[in-house]
Amino acid sequence: MNQLSPVKYIFLFRSMIDLRNTSKNNEELIKLEKNLDQKVTFDIYGRAEVASGIDAKEDHGESQSNENCYKNDRPDRPTESNSGFASENDVNSKSRKDKKRKKTFPETETKKRKTHQSETNSDDNSKRNSIWIQALGLREGERQILLQKRWLNDTIINAGQQLLSAKYPHIGGFQDPLIMQSTGFIPEPGEFVQIVNIANSHWVTFSNIGLEHPKVRLFDSKLPPKISYPLDIVKAAACLLQTRDPHIVIEVMNVIQQKGGSSCGPLALAFASALCAGINPVIVNFSEDTVWLGLINNLTAGDMPPFGISSMDRTVKRKRTKAIVEQIYCWCRRPEETGRSWVRCNVCKEWFHRECIQVPIPRGKFFCRFCIGRLDAKTVKASEDLMCLKSFHQFKACYTEHKWHSVAIELYKFIDNTAMDGTFPPAEERLAVLEKLPEHLDEKIMGVTLFIPGEEGFVLIYIYGRVHKSLISLYETLIHEMVHAKVAMDGEPAGNHGNYYRKVGHNAIKLLNRHRHAVPVKQLLGVKVKNSILNHRHVGHFQ
């Protein structure tokens, strides 16, 4: 003992413990066989196993046989020497085999478990991938989703839309919801029904059936708090409508609300089927259990009539819960998004995404393709040349006098005599209220004042009549432009709203308000003008 190294001493000690455990295990094994009246053995991991159908009494030499069996099954166990202790060679053999067992057995067990698990998964996958309805591309996995009332995937939604499209070919829409996540929906020129996914977790239905452009209705079975939707829902509506109008209107309808957390998909298809059949989903009571069953039956039958309807006598105080109005921009007609670079057209003042333009943009000289399509250099030059004193009457004839032109002449004389000391040229030679503006001017413009230094009295005032909804608005714009003309005639910078401009403007407004009961137009008698008309709301009016 004293001649052994520490390491070998430790192995010898462990071997003695193993021998002791082996003796105890054999004793317990014999007791088990007597109690169970069956043969008991150890497997390769040292676990007891009962061999059913084998009687322990029929096995002669029971104890010895069990011991031999154990030794054969577990060859890595040390054998007893004559002295009762394991020899040094046995200890070394034990350590090598012990290490081998530690590496082999756990790995073998893990591989067996993985193999069994992979075989189970393979069987499950084969079952899920088996065909359910081949014409619609539905597999057994989709059938299980419907039977278990789980959240519908896009494959089931597309299958339902495919049946609706075949049944109602005159109605547009029914596009794959995944298109919206990539390039966006294709614009629909006529009436459409479209199911849309919100944030990869909720299905809703869009439709413009029976509506005027640019409106669309949203049928949502689970209205969010305060009825606030993410930007994606607005983008989807904008893509489908693709209108040139500056805004779109989304009407959120007051439909029945779901109780189950995953019923949005079947209800979205139920809303769509009702809309296609000419039924307003707002007045319909849908049963969630019937909706699930009806969807399965429709898919199986290959037809999509209205389903899940329990009654059609639903009454609500308001059919529409909210109208969402969103501004849209650019050629893509999308709503405003943060983190994107914008550029504005010099003519129509519309905003565009730089990535949508895809061409170099000269600084301060961008013209959108809409304006380029109706403008060219010659057209702009011709309209600019007409806007001069020599061509004044020709210009008025070309762009047509507005119905309020004669009224503006009377107001021009009143403003000149009351607030400008009668210093303005005759109105018939300097003022024109036009029915339409030159092509190179923004259609939102309210008035234009022209002045060229060096030409005494060279002042022309053009007012766009169609943009004014009342005579008060026309009156205010005329005052604004005549103040600019007065500043220019005094030899001051006339193109800005500086201190001199404001001084002249405030004095003119003060005098006009003092004599407001002497205005020659009946509709304007007693109208008090505010100083706010001198502000920049008429940006672009001066050239």
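Biologist: Is Asp 289 buried or exposed?
Modeller: The model is predicted, so local features need pLDDT of at least 70, side-chain atom pairs count only at pLDDT 80 or more, and totals for chains, interfaces and linings use all residues. Residues are numbered from 1 along each chain as its sequence is written, and side-chain values use heavy atoms, without hydrogens and water. Buried means under 20% relative accessible area, exposed over 50%, and partly exposed in between, with a 1.4 Å probe and protein chains only. Because its relative accessibility is 52%, Asp 289 counts as exposed.

Biologist: With which residue does Asp 289 form a salt bridge?
Modeller: A salt bridge is a side-chain nitrogen of Lys or Arg within 4 Å of a carboxyl oxygen of Asp or Glu. For Asp 289, the closest N and O atoms are 3.0 Å apart, and the partner is Lys 149.

Biologist: How many residues apart are Asp 289 and Lys 149?
Modeller: Helices (H or I, at least four residues) and strands (E, at least two) are DSSP runs, numbered from the N terminus. The salt bridge of Asp 289 with Lys 149 links distant parts of the chain: Asp 289 is in helix α9 (residues 288-301), Lys 149 in the loop between α4 and α5 (154-167), and the separation is 140 residues.

Biologist: Which residue forms a salt bridge with Asp 303?
Modeller: The closest N and O atoms of this pair are 3.4 Å apart, and the partner of Asp 303 is Lys 167. It too joins distant parts of the chain, 136 residues apart, with Asp 303 in the loop between α9 and β11 (309-311) and Lys 167 in helix α5.

Biologist: Why are Arg 143 and Glu 140 separated by about one helical turn?
Modeller: Their side chains meet in a salt bridge, 2.9 Å from N to O. Arg 143 is partly exposed, with a relative accessible area of 31%, whereas Glu 140 is buried at 18%. The separation is about one helical turn because, in helix α4 (residues 140-147), the two are apart by 3 residues.

Biologist: How many salt bridges does the rule give?
Modeller: Some salt bridges are linked in a network, which holds Arg 217, Glu 251 and Arg 320. By the rule, the count of salt bridges is 8.

Biologist: Is α14 parallel or oblique to α15?
Modeller: Axes are lines fitted to C-alpha atoms, for helices over the stretch in contact, and angles run from 0 to 180 degrees between N-to-C directions. Angles under 35 degrees count as roughly parallel, over 145 as roughly antiparallel, 65 to 115 as roughly perpendicular and the rest as oblique. The axes of α14 (residues 405-419) and α15 (residues 471-489) come within 10 Å and cross at roughly 45°. Therefore α14 is, relative to α15, oblique.

Biologist: How many charged residues are in the contact of α14 with α15?
Modeller: Contact means heavy atoms within 4.5 Å, and among the residues that meet are Leu 411, Phe 414 and Asp 416 in α14 and Leu 474 and Met 482 in α15. The contact has 12 nonpolar residues and no polar ones, and the number of charged residues is 1. Ala, Val, Leu, Ile, Met, Phe, Trp, Tyr, Cys and Pro count as nonpolar, the others, Gly among them, as polar, except for the charged Asp, Glu, Lys and Arg.
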